[in-house]
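Dear colleague,

I am handing over the structure below, and after it you will find my notes on what was found. Please read them with the structure open beside you.

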Amino acid sequence: MSIKQDLTQIINNLCEQAESNELEFKESLNKLPKDIWETYSAFANTHGGFIILGVKEKPHISITGVNNPDQIIRDLFNTANNKSKISHNLLENKNVIKHTIDGKCIISIFIPEQEQSKKPVYLNNNYAYTYIRKNEGDYIVSDDELRRFIRNASDDLDSELLDEYTLEDLNLESVLAFKNIINARNPSMHYLEMDNLEFLIEMGVFQLDRKDKRRPKLTIAGLLFLGTYDAIRSKLPQFHLEYINRRGISATDRWIDRVSTGDLNYKDLNVFGFFQIVREKLNATIEDSFELDENSIRKSPVELKTALREALANMLIHADYFDNTSDIKVVVDNYFYTFHNPGMMRVSVTQFFAGGKSLPRNNTLITFFRRMGISDRAGTGGKTILTFAIANKYQMPELEVTTDSTTLKLWVATPRGAHPELDDDTRKVLAYINEKKNVSKSQIISDTGLSAYKVRKALNTLIDNHIIFSLGKGRATRYSWSPSVIERVDAANRIRDLIIQDYQ
């Protein structure tokens, strides 16, 4: 086996043990590279990654090795524990491994992603030296990105009490509709007999300000949930909710149905009103007639209704309403539904689908939904969505999380792995990789009969869409199917079961 193949195999084995496939090579003979901590901060603040010491990447990959690796590892841990250099130490002994290739030592360092509540990880006791990973580079965050990190670390963004807002700033129709729903679920409480302010205090829409003679004041969550459009915009000018149905549209149409805040057809639309209207519209799409693939199975209306409700509620509950980078949007397409909200999800993708843990940034807002019977159990929404896909043998739901947004794609009426959005050549390459698991480009060209140009084009498309990933450089590059969230969850469950058996 060649040196490059040895390195590729080591990297492949490392990546199989972690969700991140991010790699950074650093040439290091006698000491830690000066820029290692910038990469450390960037990996910790983004999705984690591996730093490989002793490998030169340009003009081509070569093994330089490290001298005195034990001293370098000691320096690494000493500096990681120095608060004046790095704000959080994420390293454990198992994260740092020595490897030998052709008699030379290299060191692999896995930097896990930091918990959302403890981000950002910064350098030199100064938030100004906070880095994130973009493509293959480490970049200092902008002011907006830093404020986003600080908001993400908060567990209670929406409980602020507003001094200059009153009952008149709420949409009365929404208040009465919410009141009727709560009363129907709890008739013994006689909520309909309460005046509106008394009811809203009971619900937590208004809360008593103990620092101001116990005066009832509207919360940010209450304003978002039941406020008039103008009142919400006066506090949060970036507030915008949108629903678009594009299913079956012609080439000249933009949509067949749309709900949008600020639209005259939906005056004074708030979070509660948007949820009620869009939930009904999503339910109506379940029975829409559209052409199905011959291998597709008609979706289960009851299961899909539940999955769509959870996805809609999850989007509204976890959105960062203080962010001005993107709208909160639901889009219906022929084969999938997309739910997008500003704000990085505060649990990992795997944890979201595995269930059992919820870290909402809007803890007051979520109580309103739970009082309505929506999202009653914390951390079960993602598992419900995944269970629906598995039961119907559909393509796995996709969850894209960036530093500023979260996007969930829920597929329907499409077999898993079909990827109708891909052309025939790309699907052929994908099927080959899925069968062989770990292949080179030359193998794909030889066994599929496709030209080098078509294979290269297909590989670029699959990598850009995060369907496969590549390891290595040049001729040593290997291509593998990116494990889906459910495959990761299944693996975690199997490991958990084995551990349980060991202790029985």
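Q116 is buried in this predicted model, because its relative accessible area is 6%, where buried stands for under 20% relative accessible area, exposed for over 50% and partly exposed for what is in between (1.4 Å probe, protein chains only). The residue sits in the loop between strand 6 (104-111) and strand 7 (131-134); helices (H or I, at least four residues) and strands (E, at least two) are DSSP runs, numbered from the N terminus. Once neighbours within four places in sequence are set aside, Q116 is in contact with N152, A153, M344, M345 and R346, a contact being heavy atoms within 4.5 Å.

As to conventions, the model is a predicted one, in which local features need pLDDT of at least 70 and side-chain atom pairs count only at pLDDT 80 or more, while totals for chains, interfaces and linings use all residues. Residues are numbered from 1 along each chain as its sequence is written, and side-chain values use heavy atoms, with hydrogens and water left out.

For context, most residues other than glycine have a negative phi, and most peptide bonds are trans.

M344, one of the contacts of Q116, is also touched by T403, which touches R148 too when residues up to four places away in sequence are not counted. T403 is found in the loop between strand 16 (398-401) and strand 17 (405-411), and its C-alpha atom is separated by 8.7 Å from that of M345, 58 residues apart along the chain.

An open sheet is formed by 4 strands in the order 1-2-6-5, with mixed pairing, where two strands pair if DSSP finds at least two bridges between them. Its edge strands, each pairing on one side only, are strand 1 (23-26) and strand 5 (96-101). Neighbouring strands of this sheet are turned by 20 degrees against each other on average, direction ignored; axes are lines fitted to C-alpha atoms, for helices over the stretch in contact, and angles run from 0 to 180 degrees between N-to-C directions. Strand 5 and strand 6 pair in the antiparallel sense over 6 bridges, and the bridge partner of K98 in strand 6 is I107. Two helices lie across strands of this sheet: helix 2 (residues 36-45) across strand 1, strand 2 (49-53) and strand 6, running at about 160 degrees to strand 2, and helix 3 (residues 69-80) across strand 2, strand 5 and strand 6, running at about 155 degrees to strand 5.

A search of the whole structure finds 15 aromatic pairs, counted where the ring centres of Phe, Tyr and Trp (its six-membered ring) lie within 6.5 Å, with planes under 30 degrees apart taken as stacked, over 60 as edge-to-face and the rest as tilted. Y191 and F199 form an edge-to-face pair, at 5.7 Å centre to centre and with 70 degrees between the planes; both Y191 and F199 are buried. They belong to one aromatic cluster, together with F178, F225, F272, F275, F368 and F369.

Another buried site is R247, which counts as such because its relative accessibility is 6%. R247 is found in the loop between strand 12 (241-245) and strand 13 (257-260), and its C-alpha lies 8.7 Å from that of T285, 38 residues apart in sequence.

Finally, for the chain as a whole, the secondary structure comes to 17 helices and 20 strands, and of the 504 residues 49% count as buried. Among contacts between residues at least 6 apart in sequence, 64% join residues at least 24 apart.
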